[in-house]
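I opened a structure that was new to me and kept notes as I looked things up. The entries follow in the order I made them.

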Amino acid sequence: MEIYYDSQLIVCEVRRECQAKDQRLAAYLAHVQEILNQFDYYAIYCIPQEHNQKADSLAKLVSTGEAQQMGLVPIKTISSPSIDQVEADWVFEVIPDKES
């Protein structure tokens, strides 16, 4: 699996090149590592900012609340960090690429 992310810090933490200093972020990182360890192979790459303008624009739109008001993006507000919740109200399934 190949993962592309726009934060060099997160990419470094997932690659274990640096350590998460924030306790909550470290908990998320441990959960990510559990999931990634289920794969035979994964690689994570940082997307340079100049190649990520569309995603940045969407993130800015969502952060202002305009996207939800326009009905473009459903936004759910949670009362506590998701890592603190015992049961998540969402589930996702990773389907391996048959060619790998």
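Entry 1, terms. I call a residue buried under 20% relative accessible area, exposed over 50%, and partly exposed in between, with a 1.4 Å probe and protein chains only. Helices (H or I, at least four residues) and strands (E, at least two) are DSSP runs, numbered from the N terminus. I noted that this is a predicted model, in which local features need pLDDT of at least 70, side-chain atom pairs count only at pLDDT 80 or more, and totals for chains, interfaces and linings use all residues. Residues are numbered from 1 along each chain as its sequence is written, and side-chain values use heavy atoms, with hydrogens and water left out.

Entry 2, the chain. I found four helices and two strands, in the order β-α-α-β-α-α along the sequence. Of the 100 residues in the chain, 12% are buried. I took contact to mean heavy atoms within 4.5 Å. Among contacts with a separation of 6 or more, 59% join residues 24 or more positions apart.

I checked its length against the expected span, which is 1.5 Å times one less than the number of residues. The 14 residues of H2 (residues 23-36) should span 20 Å, and the end C-alpha atoms are 20 Å apart, so the two agree. Which residues of H2 are buried? I listed Leu 29, Gln 33 and Leu 36. Seen down the axis of H2, these buried residues fall within an arc of 65 degrees (taken from the directions from the helix axis to the C-beta atoms), so they line one face of the helix. They pack against strand S1 (2-5) and helix H1 (8-14). Gln 23 and Glu 34, on the other side of H2, are exposed.

At the start of H2, a side-chain oxygen of Asp 22 comes within 3.1 Å of the backbone nitrogen of Arg 24.

I recorded a relative accessible area of 7% for Gln 33. Its side chain reaches the backbone oxygen of Val 14 at 2.8 Å. Leaving out residues up to four places away in sequence, Gln 33 touches Glu 13, Val 14, Arg 16 and Tyr 42.

I repeated the length check: the 12 residues of H3 (residues 53-64) should span 16 Å, and the end C-alpha atoms are 17 Å apart, which agrees. Just after H3, Gly 65 has a positive phi of about 90 degrees.

Methods: A polar contact is a pair of N or O atoms within 3.5 Å; within protein, one must be able to donate a hydrogen and the other to accept it, and residues adjacent in sequence count only if both atoms are side-chain atoms.
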